[in-house]
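Here is a short briefing to read alongside the model. Please keep the sequence and the 3D view open as you go.

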Amino acid sequence: MDNSQFRLETVNKLLQNFFRDKQKTKCNSGALKLMAELLKIFIAEGAARAAQQAKVESSPTVGTEHLEKILPQLLLDF
């Protein structure tokens with residue numbers, strides 16, 4: 001498995017977009033690491049499912065249409 005990771009600053013910025021009070025709400029390093037790992041798993045699973053969908057359709061490449069087809073079930077599973 002690939003050891004690539006999200007930068008914790010990036011994850012923090014993503015999370016801050018959804019906070020009601022951005023000045024008072026903080027995330028500790030453990031929460032940021034956990035969220036980064038969840039994002040990594042979510043993206044890997046999405047890519048794998050989109051690739052499988054492309055394979056089912058005998059497509060030589062994975063396109064946005066494949067991701068769009070698997071996205072509803074992916075979101076329900078997470």
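What follows covers helix packing, the nonpolar core, an aromatic pair and a histidine with its contacts.

This is a predicted model, in which local features need pLDDT of at least 70 and side-chain atom pairs count only at pLDDT 80 or more, while totals for chains, interfaces and linings use all residues. Residues are numbered from 1 along each chain as its sequence is written, and side-chain values use heavy atoms, with hydrogens and water left out.

**Helix packing**

- Two packed helices are described by the angle between their axes and the distance between the axes.
- The axes of helix H1 (residues 8-16) and H2 come within 9 Å and cross at roughly 90 degrees; axes are lines fitted to C-alpha atoms, for helices over the stretch in contact, with angles from 0 to 180 degrees between N-to-C directions.
- H1 is therefore roughly perpendicular to H2 (65 to 115 degrees).
- Helices here are DSSP runs (H or I, at least four residues), numbered from the N terminus.
- On the H1 side, Leu 8, Val 11, Asn 12, Leu 14 and Leu 15 meet Leu 32, Lys 33, Met 35, Ala 36 and Leu 39 of H2.
- The residues of this contact divide into eight nonpolar, one polar and one charged (Ala, Val, Leu, Ile, Met, Phe, Trp, Tyr, Cys and Pro count as nonpolar, Asp, Glu, Lys and Arg as charged, and the others, Gly among them, as polar).

**Nonpolar core**

- The largest nonpolar core has five residues: Val 11, Leu 15, Phe 19, Leu 32 and Ala 36. Such a core is a set of buried Ala, Val, Leu, Ile, Met, Phe, Trp, Tyr and Cys residues joined through side-chain atoms within 4.5 Å.
- H1 and H2 each supply at least two residues of this core.

**Aromatic pair**

- There is one aromatic pair (ring centres of Phe, Tyr or Trp, the last by its six-membered ring, within 6.5 Å; planes under 30 degrees apart are stacked, over 60 edge-to-face, the rest tilted).
- Phe 42 and Phe 78 have ring centres 5.0 Å apart and planes at 85 degrees, so the pair is edge-to-face.
- Phe 42 lies in helix H2 (residues 29-56) and Phe 78 in the segment after helix H3 (64-77), 36 residues apart.

- His 66, in helix H3, is buried at 1% relative accessibility (buried is under 20%, exposed over 50%, partly exposed in between, with a 1.4 Å probe and protein chains only).
- Beyond residues up to four places away in sequence, His 66 touches Ala 50, Gln 53, Ala 54, Glu 57, Ser 59 and Thr 61 (heavy atoms within 4.5 Å).
- Thr 61 sits in the loop between H2 and H3 and is exposed at 53% relative accessibility.

Conventions: Angles under 35 degrees count as roughly parallel, over 145 as roughly antiparallel, 65 to 115 as roughly perpendicular and the rest as oblique.
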